[in-house]
Amino acid sequence: MLIPWGHDTGPLPRRPWVTLALAVVCIVTLVSTGFDPAVQQFGSRLDEAYAFWSAHPYLEPGDLLAGHFGDAGAEARAEFQAAIASGEVPIPKAALEAEQAQLDRLSDDASSSMEQHVWVRFGFVPSAPRLEGLFGHMFLHAGWAHLVGNLLFLLLTGPFLESRWGRSAYLLFYLGAGVAAASLFAWRDPFGTSPLIGASGAIAGAMGAFLVVFATLRIKFAYWLGLFWGTFAVPAWLIMPLWFAHELA
């Protein structure tokens, strides 16, 4: 595990108020999302559908369940259904159809409740692009792990770009990078219905700018490999392209 924790710089000449405000908005948004009745309702219905699918893994999960939980059992399910079709498994066809209809109904209920979910209302959906989603997606996150991972890189790069460029130019660049990321997401899958959320695109833009402006700056990392841990530092011109290659892969 690698965690970036700093770099060799002197004190900042100005407070990075814009970067701090971006971080605070993301944190407040994630916290408030947990109290949104629409989010709670969606979570409850999704859990109900997933519980039924877990009890009947030979059923087709549909896009919603497979998208949220993966579908590692697709091959085994195909073999099971082939066995049913050949009469090798003693499950009446009518019972199987009734169970599939029940799972489909539960999944449809979850899908319907997701229409009011904050990820759909303020995330960026390629098949139904909206201005609030184009900018709002940058402040939504799927959980604390998602948010903390993004904030690490935001706080590592943002304050120094803000100090070098000024607050207005930095904010415009950050938002522009997020819009560019959403546009690329839509270009890759123009008919996609899954919302894009997260500040990763905007922060990736900040990291790219950091690479250009502070190429020789050494970034400090803490590492943990089982019983071994420690720290090391590498220049931005080396680590940033490696991070980009990892993300691209």
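Biologist: Among contacts in the chain between residues at least 6 apart in sequence, what percentage join residues at least 24 apart?

Modeller: Bear in mind that this is a predicted model, where local features need pLDDT of at least 70, side-chain atom pairs count only at pLDDT 80 or more, and totals for chains, interfaces and linings use all residues. Residues are numbered from 1 along each chain as its sequence is written, and side-chain values use heavy atoms, with hydrogens and water left out. A contact here means heavy atoms within 4.5 Å. For pairs at least 6 apart in sequence, the share joining residues at least 24 apart is 69%.

Biologist: What percentage of the residues count as buried?

Modeller: Buried means under 20% relative accessible area, exposed over 50%, and partly exposed in between (1.4 Å probe, protein chains only). Of the 249 residues in the chain, the buried share is 39%.

Biologist: How far apart are the centres of the positive and negative side chains?

Modeller: Lys and Arg count as positive and Asp and Glu as negative, while His and the chain ends are not counted. Each charge is placed at NZ of Lys, CZ of Arg, CG of Asp or CD of Glu. With 13 positive and 20 negative side chains, the two centres lie apart by 19 Å.

Biologist: Let's zoom in on His137. Which residue's backbone oxygen does the side chain of His137 reach?

Modeller: His137 sits in the loop between α7 (131-136) and α8 (144-165), and is buried at a relative accessible area of 2%. Not counting residues up to four places away in sequence, His137 touches several others, including Phe122, Phe124, Glu132 and Leu196. A polar contact is a pair of N or O atoms within 3.5 Å; within protein, one must be able to donate a hydrogen and the other to accept it, and residues adjacent in sequence count only if both atoms are side-chain atoms. At 3.1 Å, the His137 side chain reaches the backbone oxygen of Gly133.

Biologist: And Thr33, which residue's backbone oxygen lies 2.6 Å from a polar atom of its side chain?

Modeller: Thr33 is in helix α1 (residues 17-33) and counts as buried at 12% relative accessibility. Leaving aside neighbours within four places in sequence, Thr33 is in contact with Val39 and Val118. The backbone oxygen lying 2.6 Å from its side chain's polar atom belongs to Thr29.

Biologist: How far apart in space are Met114 and Gln41, C-alpha to C-alpha?

Modeller: Met114 is part of helix α5 (residues 93-114) and is buried, with a relative accessible area of 12%. Among the residues Met114 touches, beyond those up to four places away in sequence, are Phe42 and Pro195. Met114 and Gln41 are 73 residues apart in sequence, while their C-alpha atoms are apart by 8.5 Å.

How values were computed: Helix = DSSP H or I, 4+ residues; strand = E, 2+ residues; numbered from the N terminus.
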